[in-house]
Amino acid sequence: MALKVSGILMAISFLSAALGGRMEAVSEAALAGCSKAVTLTLSLLGLMCLWGGIMGVARESGLLDRLAKLLSPLLRLVFPDAYRSGKGIREIAAAIVANVLGVGNAATPLAVSAMEALAEGHEGETASDDMVTFTVLGTAFPAFVPTTVIALRAAAGSRNPFDVLPAVWICSVSLSVFAVLLARGLRRVGKRS
């Protein structure tokens, strides 16, 4: 559907430009947009490589293990089954740290590893409660420094790309708490029925 709407809008734009004698302006805008898209893509790629490397170093140096120990009281409450079995806690902590740093793209491989670790030994075709909670929390986890958002704002010419931080913190913390409460609340409702 989105492709059809986009196609219709493009056709109307070209038709309007042709009838109004402004095809040159459309061509210039298209070229400028392509150039900006390539520049933005390369800057985001560089940012992803930087944070992916930092997370790799943190994993190899044992920093993620130390952070997992630091986060263990929280992880024990939010992921009780994984904490009891000992499977996936290190990976969950790594993904949470990556999300807190705001490097969602670098957190993706860590989240996949966490999900694989949580799936080990889990029987059945449905996701475990910890898997559901991790998925919900992973999409809503608060970012201390949302690097991708800041990079996009800087690329768009924002004078102060960091001025969104308070709003991001308030929204993401609220959403994370709500997500965990909802996932855990639904778990209890499901076990009663």
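This is a predicted model: local features need pLDDT of at least 70, side-chain atom pairs count only at pLDDT 80 or more; totals for chains, interfaces and linings use all residues.

Analyst: Residues are numbered from 1 along each chain as its sequence is written, and side-chain values use heavy atoms, with hydrogens and water left out.

User: Why is Ser-172 called buried?

Analyst: Ser-172 has a relative accessible area of 10%. Buried means under 20%, exposed over 50% and partly exposed in between (1.4 Å probe, protein chains only), so Ser-172 is buried.

User: Which residues does Ser-172 touch, not counting residues up to four places away in sequence?

Analyst: They are Ala-140, Phe-141, Pro-142 and Ala-143; contact means heavy atoms within 4.5 Å.

User: What makes the pairing of Arg-84 with Asp-81 a salt bridge?

Analyst: The definition requires a side-chain nitrogen of Lys or Arg within 4 Å of a carboxyl oxygen of Asp or Glu. The closest N and O atoms of Arg-84 and Asp-81 are 2.5 Å apart, so the pair qualifies.

User: Is Arg-84 buried or exposed?

Analyst: Arg-84 is exposed, because its relative accessibility is 62%. Asp-81, at 29%, is partly exposed.

User: How many salt bridges does the structure hold?

Analyst: There are 2. One of them joins the side chains of Asp-163 and Arg-153, at 2.5 Å from N to O. This pair links distant parts of the chain, 10 residues apart. Asp-163 is partly exposed because its relative accessible area is 46%, and Arg-153 is likewise partly exposed at 23%.

Methods:
Helices (H or I, at least four residues) and strands (E, at least two) are DSSP runs, numbered from the N terminus.
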